[in-house]
Amino acid sequence: MARLSRRSYWYFIRNASLMSLIVILPCLYFFKDRGLLSTPLFLIAILLGWYSGNNTGWKILDGQLVLQNGHWFTRSQYVIPHKNVQSFLFVQSIWMTHSKLAHIRVNVRHGNQNELIEIRYLPEESGKEIFNWLKIR
């Protein structure tokens, strides 16, 4: 299974850390000394980001797409037959083109429902390879 480079872990850690600051900064401002009790959330956020980056992976194997991601200290692995793919999207922002990264979003038929699976910050070449594989019908 292909994995993210260690350089890409930074994006997951950054996003999780910024979200934790939304809680930590008001606690420090309003509760002063007791607000310091919220600062371990920052370390937890860093660990969450590292875990997410470490557990992101993808592979095309025997006509199936295998996607893996980590979220809230749980790892999810999806084995997606080509026939179950409803739609797919290759997403790349202006800033991501400079760093040659992209996101892949795959909507999969799951019973009577839809499930969105997203692999974030993968290399642009791998994203295009998955996108081209998904285009083939």
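## Exercises on a sheet and a pocket

In strand 6, Arg 105 is the bridge partner of Leu 89. The model is predicted: local features need pLDDT of at least 70, side-chain atom pairs count only at pLDDT 80 or more, and totals for chains, interfaces and linings use all residues. Residues are numbered from 1 along each chain as its sequence is written, and side-chain values use heavy atoms, without hydrogens and water.

**Exercise 1.** Determine the order of the strands in the open sheet and which strands stand at its edges.

*Solution.* Step 1: strands are DSSP runs (E, at least two residues), numbered from the N terminus, as are helices (H or I, at least four). Two strands pair if DSSP finds at least two bridges between them. Step 2: six bridges join strand 5 to strand 6 (residues 101-110). Step 3: the order is 5-6-7, with antiparallel pairing. Step 4: strand 5 (85-91) and strand 7 each have a single partner strand, so each is an edge strand with one side left without a neighbour in the sheet.

**Exercise 2.** State which residues are the closest to the centre of the largest pocket, and classify its lining.

*Solution.* Step 1: on a 1 Å grid over the protein atoms alone, a pocket is an open set of points where a 1.4 Å probe fits, with protein on both sides within 12 Å along at least five of seven lines; lining residues have an atom within 4 Å of a point. Step 2: of 20 lining residues, Ala 16, Leu 48, Ser 52, His 71 and Trp 72 are the closest to the centre. Step 3: the lining has ten nonpolar (Ala, Val, Leu, Ile, Met, Phe, Trp, Tyr, Cys, Pro), two charged (Asp, Glu, Lys, Arg) and eight polar residues (the others, Gly among them).
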